[in-house]
Every structure is written in structure tokens, then in C-alpha cells.
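Hi everyone, thanks for coming. Today I'd like to walk you through one structure, a piece at a time.

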Amino acid sequence: MTAISPTLRLEPAALVGAVVERVEAPGRFAGLFATARPSGSTELLAVVATDGRLDVLQAHLAPGVSAYPALTPRVPGAYWYEREIHDLFGLVPEGHPRLDPLVLPLAHDAPRPRPGAGQPGPGLMSPDESPLPGLVSGEGLFTIPYGPVRSGVFESVEYLVETPGEDIANLRVRVHHKHRGIEGRFEGRSTADGVLVAERVEGVASVAHAIAYCQAVEGLAGVVVPAPAQLVRVVHAELERVANHLESVIRHTEASGQAVAYARLTLHKERVLRLHGFLCGHRFGRGVVVPGGVANGARLEPDEIGSALDKLARDVDDDLRLLMATPSFLDRLRGTGRLSGDVAASRGALGPVGRGSGLGEDVRRSRPYGAYSLLGFEPAEARSGGDALARQNVRLDEIRTSLELARRAVAELGGQERGPWRVPVVPPDGLGVGWAEAPQGEVLYLVESTGRRLARVKPRSASFHNLALLASALRGDVFTDFAFVEASFGVSIAGVAG
Amino acid sequence: MPWVTRGLREGIVTTRYPARPDGYGEGWMGTVGVVGEPEAGSPGELEQLCPTGAISARGGQVRLDRGRCILCRRCVDARPDLFCFDSSVEVASMRRSGLVVPPVDQTDAGLALARADLARRVRCLRRSVHVRHVDAGSDGSDEWEVAALTNPVYDVHRLGIFISASPRHADVLLVTGAGTAGMLGPLRRTLEAMPDPKVVVAAGTDAASGGILAGSYASHGGIGDLVPVDVWVPGSPPSPFSLLHGLLLAVGLISEAEG
Amino acid sequence: MRAALLLAGLATLGAGAAADLALGADRRWARTLAYLAGLAGSACLCAVGALSDLGHPLTVDLGGLFGVGTASVRLDGLAGLFLTLTSALGVAISACLMSWSGPPERLDGRHLDGRHLRGHGTAAAYLLMLGSVAVVLVAGDAFLFLFGWEALTVSFYLLTGITRARPAQASASWATLGMGKLSGAALLLAFLALAGRSGSLTISHWNLVSSGTLHAAAYALAVVGFGAKVGMVPFHVWMPVGYPAAPGPIRAAMAGLAANVGFYGLWRFLGVLGRPPLWLAVAVLLLGGVTALLGITFAAVQGSLSRLIAYSSIENAGIILVGYGVALAGEAVGRPELVAVGLLAATLQAVAHAVAKAALFVATGTLEADRGSIEIDDLGGSGRSHPWTGSALAAGALTLAGLPPTLGFVSEWFILEALMQQFRVQELGLRLAMAGAGALVALTAGVAALTFVRLVGFVVLGRPDPARSGPADGEAGALGRAGLVSLGASCFALAAASPWVIRFMAVGLAPIVPTAVTDGALKAPWVLQPVFADFSALSPTWLLVAMPGLLLATAVAAIALSRGRWLRTRRVPAWRSASGGVRGPASYTAFGYANPVRTVLANVLGTRREIEGGQAGHPTGAPRHAQVEYRTILVEPVEAYLYRPARRALLGVVEWSKRLQSGRLAAYIAYMLAALVAVLVVTVATR
């Protein structure tokens, strides 16, 4: 974990300038977070990713200070972060263009959860459902509420489509229905129990979240995870990536009515989940990654895993090849949901969304962790199209590389199948930062430990960062494109709402 | 090879469950069971094993509430003499107390009553059942498992069960998630939009008890207090077979094992 | 007897106009009296029409009444047919207008339009229009015809200029007048050419003019002159501004009644001039198709009810012109059956359009007076607050959408059947033109269904806006209701009675095509066919019995087979994705419903979208709670690419010619000298 520069402490007024300076370095704005202190003060933490390392900038807000200069006017990527901080801490970013509630709409003077403060919560906080003002006006404009309960089996989210009919003039996203307050559930737990919560922040990316969380704890404690454990982590993380990318393609096939392709791909996805289950006992790989290593070795022989992976790679590749030669399918993706390279770069799009718009970053390569450099990982080539097809092509490439990576990791593991699997982890007090490349993109964990207990954990899913870009990608599209654009973003609302 | 012939090459992949038992459960750890009696001593220590408080060890009998269990496997790792993995997937129950193993309530009067009530309501559904799913604050994996019911392996359409787009056409409400405060309104509105008779299935540990979220400022501890639940399915997330078992119980296509 | 009735009718109209001008709009009974004169006069003229259609042709020589040659009135079948149609409508519309101008308690500020309707001279202009229509229809010579035509133009100008409350009112009436003058000028040229060649001002004598360049030019000029009146592209631009500019139900008289003189003129000159040049038939077919598509495309996206109906007039003119084109083609290749099927189809469409258009505009007038708005989005749920008006509106809309069992379905069926006869024509160009027109009409029919579904869905059946839907006590008055009911019911009754209607038309069309040929459209007493035997058949009468019957039978069967469960439906509240609601309009607007048309037919509509005030979804663009303005802009292609450049060029010429007015006496004398020399040169050269 040498890639984190020491935390830089700043005055709140200097925060904007410092972030802008690093973003122009060039760097990528990775997030803005807040932590309440039992004393009533609040810390603001801005994270900027620059050239193979993470800069953490910290600003202290004394008790009673409830405002700071907003970042958003100069750092557009901070748009949703500042809305989230406003919802959870009641802080007002002065100069924010549109401070609508996001994860927890509460009355102006209502008490806020203020995670990190360590006090027992103020009881159940019921969000204020009252509608938000629209952004767009014009002849015939009206708003269609799509969600929170939508047709099909989806996570709850409300898309407010502002439209003059057929064309999407603007999209607003309301994610508060699913806000579980899961950040608060870390507090007071042991670092070993924290991983149980991390696995449930974004259930479809459990392994990536567990890895990012554990790496933050391990970095803080300064322990080195044994090599066999690193390889087991890679196998599970890559299987999870294959399942998620398949899910995105499945939703494309469903929306375009490709019934056979849908059946074939759901079958493959079921096989991936079953393989996951046979390997570790859980279909989503939970309980595998623990601070200091993994709970156990794989429950199958390396040869068995290897042949299962080979068969999977063959079958999946065969079907995806045919899918990409089906014009009625490709027509729906081509040119749909175009996210321009400029917007993607200025907002710092993550994962396949960024890689579909020309941003090449993959933290498995830019800030390598675990066994990836050992396995000779090369990230998928970035595409410049910016449309749903470009994002899908990135995912198809990654399905192949992920299966290959898992295969290599299993081969490496063949000589080391007796372990050791884990080392003890005793973190000192302090702040640890961990990351991993989840299927959705970069996951960040900021972990603060005090007296061997978790004082504050802030998970930042790539879903949160990317969903803020959905409205930009939808410009100029029509209703029937929506399902494709949403599926091509591949976000999990659980990771957005927190 | 064109799409149409692809399925033929693969052969039949669909499970025969519930007509015949499916062997899948044996391959992995579906749920946790209790195998032994504790030696005298430390019930508190046993209860400490579980991060969600699913274990109770009072009165010399160890019980495990699958409605709270998040399958973290700590109890099995620490006390293999008391806890074991159970390959059974038929874990759903018509009563919340039915998720506790070994069962607390030895009299079946409550079960019979619940069964009779449910049977009366679902009689008119016959062999066409439409299910509306609502996410009331899940972690996202539950939706994958519900959606998996329509893949070729589980294929619930063969049983006359369909996922419905609108609650207006639905008979069964399948709720996942712990019941966040923000979903309380939408959940009730969805239930109101369903025509009578309606059946509610709480899917997953989160929906049964809140799981690891219990005690959050933004979430209820399960949906049992929010809507009238008819069938409970444990699991974190519940496996597709458990969900299928729960749905079949809900519409009276199979009956819950007694005792 | 017919001459006396005609004279009585015209005299009644004249007396009514005089009474209106003399007594003014202050006395309530006087207002009603003027429209009563319209009703009575129209009834007389209707009798004249019916008698002329069924009886022998009658010519009344007026001698040198006007001082120029001999004027004459000719009452033959064709004049009778159109006189019957227009005067019958005149009776119904006058009845509605009597109700309108009636109760003084409706003269408060809410009924803005009603006040102008009762204004000084409105009734006189209306009666002038009725009279000039009758004069055009019965004119036997060029002079009387042109007199009626110009009087009609003047009456249109007056009626579009009466209301001065709206912006752009002046330009609307100027456009109406300008296009009327253009039409009159084209006719004058055509008449001069024909009169010069034949040496007679009597229209029926022009059949002596032999084929040639002059014959072809006069034919084309006549098509242009009459086409401008009915809204043929590119002369349609006055309609969408002119009709809405007229007050309330007067629009019904302009669009439903007076426009038919244009069709009458086309029919008349087909009968007189005979065989047209082939290219004219091709041009009319294609122009008709383009007119229909352009009209309906713009109708589909209008937010104002009156503009929508006005654009639908253009569409119908196009469809009727296509039928006329088939008749021209039949005349050009010498196939009387083709002439018969084309004319029959076009006449049926003209009747359907006239009745439905009158119903729509009268209903629109009622709603406008009661609700104070003409926007579709403001008129939601009118079917509940105004059941009579709403029913008439729905009947008219179904007819113009061409849905069974209305007369519109019968007429559109006939038009398409007529176009399908293209295989009977040898000339390739003509066949292609008929096929092309067929494709355009089919596309038009599709968009028309969408257009009128939107009208019925939002205006008649839509959810009422509780803030707007005021009480509708005494809706339209008793006479107004009678007018609305007769117009709405005619849309169905004429379809049921279509065999009789066709027999009536066959007699009327006798001056152009023999009655025996036209009667071929009757396969059996209650079954129609497109004149040519064994092609296809339709029985509108049985359709009217069968459609409700089938519906009833299906319902009965469903109830019986479900053992009554069908009636015990489980009912739950409407479902909106469990949303907590949104601020502002939350359901489809009439604008939004038409938006797919704007997108799909963007090439016709010139659709362009502009966003102003920031970038949606991007935070730095939009200041806090600012509004982003989203605009949809449409471009009328004829207006943008023909008239606007022409107007620019004309203004340039005018600007340039101002330099001639230097103000110096010497210059003016020089101009006079130059003009004199030019005249002398021309005179010498042509001698």
C-alpha cells in the first residue's frame, strides 16, 4: 500500500484550490467524503488519484461550522458527493449549483445521521417523499416517474424522466428509497466483523468490496497477505466480474428481445454462480476474503476448477461471438447512450463506463494490488465510442481476460494448495485507504480504526460515481433506449444509496 | 451455428424440482443446522459466536434462527460439534417461528391454521400465478437470485409462475430487503395496488430480520412489521431453490413439512 | 318554380344582411334574425339544389343585367348536387349560430369570442358568404361566376378580420385575401383565354375549345385557381392562419361549406374542358398526395384545436384532389369508368369532409366560448362537461380519421380502390403517379388515425382539469344542439344510406360522366363496388349493423363463457410505479403524444430541438434551481423555402423601384414618354 501519499491537512477554504491543482496535474477526482467526530466537529476528506497514487486531502470543520466552499463549480465530479454530504451531515457546500437531496431527503432542520460521531443514532429517520422541482421547462414538457417499483426484477430506484414525449430531455435520479444507512453498521464492530458489512454494501460485488476493505485494514496494520491467499482472492474476484459483465449483456438481450441469447447467457451466469458456490460455499463468494488473507483454500482441486473454467470460457465465447454477429441486437446498442470522452474525463468515469469512453484506467494495473502484477495482467483496451456498444465491447473483452486470469491463478495455486491462508491483523489507530477494481469500477474504502474497533468506514462504490453520469449519457436518446443505457452502465443501486 | 439449434446441443438443463429432488444442494452450503447438545457451561459464549444474534443457548438447548443467520459460517468453523452445514434447500416456512431450528413450537395448530387460511385465499389462482417483486432495501444480490428463477435451469414458467410487470396483475408479492424507511411508502402502495386475494413472501434474511442491518437509522428490522407476511424464506441471499420452495408453499403447490 | 325559389333564397339572405347592418348588434332579436334569414335562405336554396339534381337542366337568361354581355343562371345536376350539400350545411350551421348569438347573459368577459361573433357586420359577412357560394354554383357565365368568386373572397377577408383581439390577426386576413386574389387572378386569366378562343362568355360554350397549348394552359390555370381555394400545395399557407382567425362556428361555414365551391369549380371545368393533358393528371395526382401528407403531418402536431382542424382541411383537399386526379387520368386516356370511380370517390370524400369539418368546427366554437381556450391541453375531458359537443367532435374526428362505420371510411375506401385501378392504364407515367399517390394516401390515413385518436383521446375522453372545466349549463342551446346532432349523426347516417347517396351523386355528376356508368358503383342494392365489377365490395349499411352486433355478441359470449366472472373484475387503484409523485405535469400531454410524429416525420416537419440555459445532467451549467428551456421548432417547408425567399425578393424589387420616385418633374415626364413609346411599339408590332 505504498501508493497513498500521507494525508495533507488543509483549511476548508484551501480545499478547492488543492483539489483543482491535483486534478489538473493531471489527476482524477475520486471522491469527497465526510466524517463526524464525537466532539461535534467534521472532517472533509477529498481523494484525488494521480499517476499511480492516491492523494488524501483533509480539512477540519470545527463544531458549529455548517458550511464550506463547494467543490462542484470547479470540480464537476463532486456534484453527487456534496449532495450526499449535505444529506448525511447537514453541511452546506456554498455555491453548489443544485443541492437537491440524494440519498436521504430530510426536512431542513431535522437531525442528521452524521456517521462517525459514535453516538447512538437518532432513531428511525423517515425520508421526506415530497417531489423535487424539475429542471427543464418548455412546451408540452412533463415528468414520468419510472420507479421505485419498476416492471421486472430490479433494485428500487426512481428515475424522473423529463420529456416532451419520446425524447428524454433530462433525467433525475432518486436513490433514497434504498438508503440503508449501511455505513453506520460498520461502526463499533471489530475489523474482522467489518468485512461482513462490506460484503453487503453492494451484494453483487461482495468480493471486490471485501478485498478493498481488507486491503485498507491490512495497509493500516502493515501486514503482507500470503501469496496463496492473494491467488484465491483473484479467482473469486474475477469470477464475480464475469458474472456481473454477463448480467449487463443479459439485460441488453432481454431489452432487445433476443430470447435464445437471453436463455443461453442466463444459463452461463448460473454456471458461474454455481462454480463460485462449489469453490467456497457461497454463490456470491462471501466469507472468503477476511482481513489478513482468506478464510480457507478452495474446496475443489485445481484441475477440477481449471477444466470448469475452460469449458465456461469456451461456451461463453461461442455464444458471445454469435451475439456480436446479430445485427438486430447491435443496432440497439450502436450510438445509444453516448457519453462523450470530454464529459467522462471531466467527471472521472470509472470502470467499463470510463473505458468505453476512452479512459484507460484500471486500478488492477494503475495501482496494482494482490497477485495481479504477478499474473501478468493487461487491462482491456479502452474504446472511444462512448456508446452502449463500446461499453459492452469492453465488458466482452474483460470476460475473456477475467476467465484467463482465473485460469492462471488456479495454475499458480496448484503448487501452493496447502496455504498459508491468512496472517493475523491487528490494526493500530489511524486511517487506512483500500481499493479494488470491482466489476463496476474502482471501489474505495476509507477505514478509521480506534482501539481495535472501527470508528468510521466510508465505502465508495463505482456505482455511485458512475450513476451521476447517466443523465449526460441519455441526452438525445428516446424512451426505448433507456433500458440499454441503464444496463450498459451496470450499476448496483445498493452501492449508490448506501 | 444459428441461435435456434444452440439449445438442442446443450440438452435439457432444467431441474425436475419439485417433482423430484435436485442434487444441487449437496454441492455447497445451503443453510446451517444444529446437530448437538451443548455441554454444560457457557451459553453466552455460544451466542457471542454469531454477529447477528441468531444463536440462542438458553435452557440447555441450542437453537439457530435461520431468519437471522447471514451464513457467515463462523459458528460451523468454531463449533463443528454443534453446528453443521445442511444441504437442504426446502427451508421456507409459513411462520416466522418456523425458521428456527430445531423447532420451538411442537404443536402444529398454528401451522394448520395458517395453512388453511392461505389455502382458502390461493384456491382461485389455480395454475397461473403472477409474482410481483419489490426490493425494500436489499444488497442487490437478492434480485439476481429472484431473476435467476426465469433462467433455463429453474424455469418457473413450467410451474405456471410468472414474474409480473405490474402489481395490478399480481397475486404474490415477493419482498426482498430489510424494509428501509424510504421503501415503506412504495411497498405499501404496491400492496394496495394488488387485487385480492394477495400473498406476501418475505425473501431473505434481510426481509425476515434485517440481518446485519438491524438497528440502522434508515431501516426496519425486516418487513414483518410493515406488511402481513405469509411465507418466510431464509438465506443471505436466498438461493433460487429456496425461493422456489417459498413460492410453491405460498400458492399451495406443496405443503410444509410438519414437526 | 326553381328560379323563384332561388330568387327567394338569395333575397332572404340579402334582407338578413341588410337587417344586420341596419339594426346592428345591439338588439338581441336582430342578431338572431340575421341568422334566421341564413337558415331560411339556405333551406330555399337546398330545395333548389335537390330539385335541380333530380330534375332537368334549367337555364335562366338574365339578359344584359350587368351591362356586360348576357348573364345567365344555369341549374343542372352538378350545380344541384353542390347546392344541396352547401345549403344543407348552411341550415345546420345557421341553426348553431342562432343559438350562439342568442343569450345576452353569455356576453360577459369569459366569452371573449362570443362578443365578436355578435359584433357589427359579422352576420352580414356570413350571409354574403352564403349568397356568393350560391351565386358561384348557379352561375352560367364567366361574369357571374367571377362576381360570386370575388364576393366570396371579400366575405372571407371580412370574416377573418372581424376579431381583432388576437395577435397576427391582420396578417391572417391579409394572407386569406392575398390567396383569394391569386385564385381569382388565375381564374380570370383562364376565363379570358377560353372566352377569347370560343368567343362566348357562357361557360358551357367553352367545350368548343379544342386541345392545344391554350386549352392546356387554361386547364392548368383553372386547377391552380380552384386548388388555391381548397388548399392545394403550395397555395395552402393561408388556411392554418385564416380559418382560426375567423370567430367561433363561422369557421365551420368557411371550411365545411364554402371550400366546396373550389371542388365544384374543378368538377365543372372537367365537364366543360374535357380531355386534359396527361401531365396535368400526373401533376394533380402527385400534388394531391403531397398535399394530403403535408396537411396531416402538420395537423398531427398542432397544439391548437382550430389549427389542427384547419390543417386537416388541407389533408382532405389533398385526398379529394387525388380522386379528382384519377378522374382526370380516366378522361385523358378515355376510360369513363375511371372518371366515374375517381369523381365518385372524390365527391364522397368532399361530402364526408364537409359534414365532419362542420361538426368539428361548430363543436370547437362551443368549447372555445365556454372554456375560453382553444388549446387541446386546456380542453381535457370536454366529453364529460359537454356531452353533446363532445359527441359531435368525436363523430367528426372518427369520420376524418376514416374509421368504420362512418362515411369517411366509405369515401377513403373508394379513393384507395380508385387508385388501385392503376393497372388498367397503359401509360407508365400515369401508373407510377397513381401508385405514388396511393402510397402517400395510405401513409396519410395512418397519420390521420393517430391525429384524431389524439383529438378524441385528449379533448373528448381525457381527464378533466378540475380548475378549468366549468359548468356547462345550457350547453350550445336547443338549436345549437340540434345543429350539432344533425351534423354528428350525418357522419353515420350518410354511410348507412350510402347507396342512395351514390344514386343522388350519379345524377348530379351526369354532366361529366353518364349516370349509367356511375351507377356501376352499386353492385347490389346494399353493396358498393369501385364501378369496375368483380374487383372488391363493401356494404357500409351492413357494417353499421354488424359492428355493434359483433361487439355485443363478443361481450355476451365472454360473460357466458366466464360464467359471469368477467363482470366480477378485481379492481385496484391506478398504478404509477409506487412513486411518491412528481411536481408539475406528470402524464402525457397532447404535445407529448404527438412527439413521436415530430421525430419520425422530422424530414417533413423540419423538426429541430434547442436547449437553452445549461446542460441537462451536468452540474456546472445550471445554477441552483434554474430552468433549462427545451424548445421544439418546426419548419413549414413551403413557407420557408418558397414564400419567404419570394417575399424577400419581392421586397427587394419594391425597395429598388422606390428609386424611380425621385420627386423631380423631368423624371416623371420621361417615364410617361417612355411608356407612350412602348405602347405605340406594341400596337404597331401586333397589328
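Let me begin with a term: the radius of gyration here is taken over C-alpha atoms, and the rule for a globule is 2.2 Å times the number of residues to the power 0.38. Please keep in mind that this is a predicted model.

Now, chain C. What radius of gyration would a compact globule with 687 residues have? It would be near 26 Å, and chain C has 27 Å, which agrees. Along the principal axes, the C-alpha atoms of this chain fill a box of roughly 90 × 70 × 60 Å. The secondary structure of chain C comes to 26 helices and six strands, and 52% of its 687 residues are buried. If we take the contacts in chain C between residues at least 6 apart in sequence, 77% of them join residues at least 24 apart.

Next, the place where chains A and B touch. Chain A brings 52 residues to the contact and chain B brings 48 residues. On the chain A side, α3, α6 and α16 of chain A each give two or more residues. Which of these elements gives the most? That is α6(A), with nine residues. By type, the chain A side divides into 23 nonpolar, 18 polar and 11 charged residues.

Last, a hairpin in chain A. Strands β14(A) and β15(A) run antiparallel, joined by seven bridges; in one of them, Ser449(A) is partnered with Leu454(A) of β15(A). Two residues lie between the strands, and Gly451(A) takes a positive phi near 60° in this hairpin. Why is β15(A) largely enclosed by the rest of the structure? Because seven of its eight residues are buried.

Key: Residues are numbered from 1 along each chain as its sequence is written. Chains are lettered from A and ligands numbered from 1 in the order in which they are written. This is a predicted model: local features need pLDDT of at least 70, side-chain atom pairs count only at pLDDT 80 or more; totals for chains, interfaces and linings use all residues. Helices (H or I, at least four residues) and strands (E, at least two) are DSSP runs, numbered from the N terminus. A residue is buried if 20 or more other C-beta atoms lie within 10 Å of its own, exposed if 12 or fewer, and partly exposed in between; C-beta atoms are placed from the backbone. Two residues are in contact if their C-beta atoms, placed from the backbone, lie within 7 Å. Ala, Val, Leu, Ile, Met, Phe, Trp, Tyr, Cys and Pro count as nonpolar, Asp, Glu, Lys and Arg as charged, and the others, Gly among them, as polar. Two strands pair if DSSP finds at least two bridges between them.
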